[in-house]
Amino acid sequence: MKKLLLLAVSLLLVLSFTVSAGAKTVTVGLAADPVSLDPQVQLSGGMLQLSHWVFDPLVRWTQELTFEPRLATKWERLDELTMRFTLRKGVKFHSGNPFTAKDVKWSFDRMRKGVDFKALLEPFEGVTVVDDYTVDIKTKKPYALLLNMATYFFAMDSEFYTGTDANGQPKDAILKIGESFALNNESGTGPFFVTKREHGVVLEMERFKDYWDTKSPGNISKLIIAPIKENATRVAALLSGDVDFISPVPPQDFRRIHKDDKVKLVTISGGRIITFQMNQNRVEALKDVRVRQAIVYAVNNVGIVKKIMKGTATVAAQQGPRGYTGYKEALKPRYDLVKAKALMKEAGYEKGFEISMMAPNNRYVNDAKIAEATAQMLGKIGIKVNLKTMPKAQYWNEFDARAADMMLIGWHSDTEDSGNFSEFLMMCENKETGYGAYNSGYCNPKVDELTLAAQSETNLEKRAAMLQEIEQILYDDAAFVPFHWQNHSYGAKKNLQVKPIINAMNFPYFGDMVAK
């Protein structure tokens with residue numbers, strides 16, 4: 001382990017720099033680097049971060065959760081199914097190709113072929129090109145969240161990704177596993193273009209000289225992403241000056257950063273919930289609602305927030321946090337070990353049973369520690385847990401295979417309301433539509449019915465009531481084990497202006513970062 005840490009630090013020393021008026025390079029230490037350069041291969045926070053650095057969406061979220069123009073300059077609703085977007089003129093891709101409406105349509109059509117994006121795009125009929133700088137986006141039924149979803153429509157260079165690669169494979173292939181052209185090649189319209197990629201080692205980007213957003217205050221000429229899995233190594237790299245920006249900052253190190261006058265800590269409230277899913281298809285006992293409730297009662301999520309998260313998260317009892325449409329005030333955390341044991345006895349499992357559990361160890365803040373604590377807590381009600389943790393890059397393949405009886409997952413709503421949680425995490429898994437793509441073995445048709453109905457309900461009060469009903473059903477069903485909503489935390493050198501570029505989605509807009 002020491003040799004690995006020394007190797008990581010040595011690498012960072014090679015990448016280190018001093019930001020000055022002449023050399024505005026920023027090295028960022030992240031828990032893991034993006035898995036690909038293909039923005040449509042995986043619906044994950046890491047890939048969406050990359051998408052904002054290398055590509056551009058039609059619109060993007062502000063810190064106030066409003067929309068601001070990006071590749072679309074304006075939009076208007078033509079009817080209850082159609083919204084027209086006027087596109088920005090004079091935009092170039094990194095290849096030099098011009099950006100036009102055909103790229104928006106091509107990118108949309110390709111994205112809906114991606115496994116992770118099927119459910120996200122299920123409500124959509126498609127994109128129609130009106131002229132070179134106008135597109136109409138149409139839904140199958142009235143859809144209140146069309147503009148929310150436009151924040152995920154990143155434009156890819158249709159000409160660059162058309163044809164075959166050196167291996168004779170189509171350049172537009174979307175492959176989660178194995179080599180593809182888009183894995184290591186990109187042409188976006190974003191502020192940075194990729195100059196070097198060694199997955200798990202380094203990702204280097206330089207500012208695109210023809211970047212369209214001339215009003216951006218960003219002055220970073222080179223961005224280096226250095227994956228540093230170990231929390232202690234990542235913090236040490238910041239404090240020693242080997243990197244300039246890190247994320248996340250583990251709660252136990254907040255005080256260390258506060259005490260160092262060369263760096264600063266910046267936090268912002270987030271909506272990512274951390275949960276454990278219970279696979280009823282693998283374990284007979286988990287089909288019994290009393291057993292699932294016992295597990296929820298046995299997990300002291302209040303204690304986990306206090307001791308493991310050091311108070312830097314918000315305890316959860318439902319999917320969406322306060323402020324999201326669908327939040328239900330009456331739903332409270334319910335740790336009660338006596339109640340948990342009584343439910344196990346009532347269900348006929350007083351002597352307990354054995355399960356397998358998997359979790360990542362570098363994806364969410366203190367993810368492995370949370371899993372370890374959960375395993376110990378379940379042991380108190382007779383459930384023997386065989387826990388296995390692993391790096392994020394390995395974990396997602398295991399998650400897709402539903403390889404354990406309980407699996408940890410965090411989710412930030414793509415739509416910034418609680419409906420999206422249900423679409424991906426709680427709806428019955430449907431490989432054709434993509435709904436339930438991250439659901440490990442829970443299925444309640446009533447939840448599906450309400451979730452789909454909420455999508456097309458444009459009366460916001462009625463929609464909120466539907467989403468609250470879903471939260472109540474999931475609470476009563478003990479459909480998942482809730483822990484907390486993560487806060488986002490960043491450590492940076494004092495000369496970097498961090499607050500203006502962060503947001504609740506945890507997509508730092510590095511293109512707009514200013515180094516003094």
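Colleague: Are Tyr 211 and Trp 212 buried or exposed?
Modeller: This is a predicted model: local features need pLDDT of at least 70, side-chain atom pairs count only at pLDDT 80 or more, and totals for chains, interfaces and linings use all residues. Residues are numbered from 1 along each chain as its sequence is written, and side-chain values use heavy atoms, leaving out hydrogens and water. Buried means under 20% relative accessible area, exposed over 50%, and partly exposed in between (1.4 Å probe, protein chains only). Both Tyr 211 and Trp 212 are buried.

Colleague: What is the angle between the planes of Tyr 211 and Trp 212?
Modeller: The whole structure has 25 aromatic pairs. Tyr 211 and Trp 212 form one that is tilted, 5.5 Å centre to centre. Rings of Phe, Tyr and Trp (its six-membered ring) pair if their centres lie within 6.5 Å; planes under 30 degrees apart are stacked, over 60 edge-to-face, and the rest tilted. The angle between these planes is 55°.

Colleague: How many residues apart in sequence are the parts that Arg 110 and Asp 38 tie together?
Modeller: Arg 110 forms a salt bridge with Asp 38 (a side-chain nitrogen of Lys or Arg within 4 Å of a carboxyl oxygen of Asp or Glu). Arg 110 lies in helix α3 and Asp 38 in the loop between β1 and α2, so the pair ties together parts separated in sequence. Helices (H or I, at least four residues) and strands (E, at least two) are DSSP runs, numbered from the N terminus. The separation is 72 residues.

Colleague: Why does Lys 332 count as partly exposed?
Modeller: The side chains of Lys 332 and Glu 329 meet in a salt bridge of 3.4 Å, N to O. Glu 329 is partly exposed because its relative accessibility is 39%. Lys 332 is partly exposed because its relative accessibility is 43%.

Colleague: What distance separates the C-alpha atoms of Lys 380 and Ala 31?
Modeller: Lys 380 sits in the loop between α12 and β15. Lys 380 counts as exposed because its relative accessibility is 52%. Ala 31 is 349 residues away along the chain, and the C-alpha atoms are separated by 32 Å.
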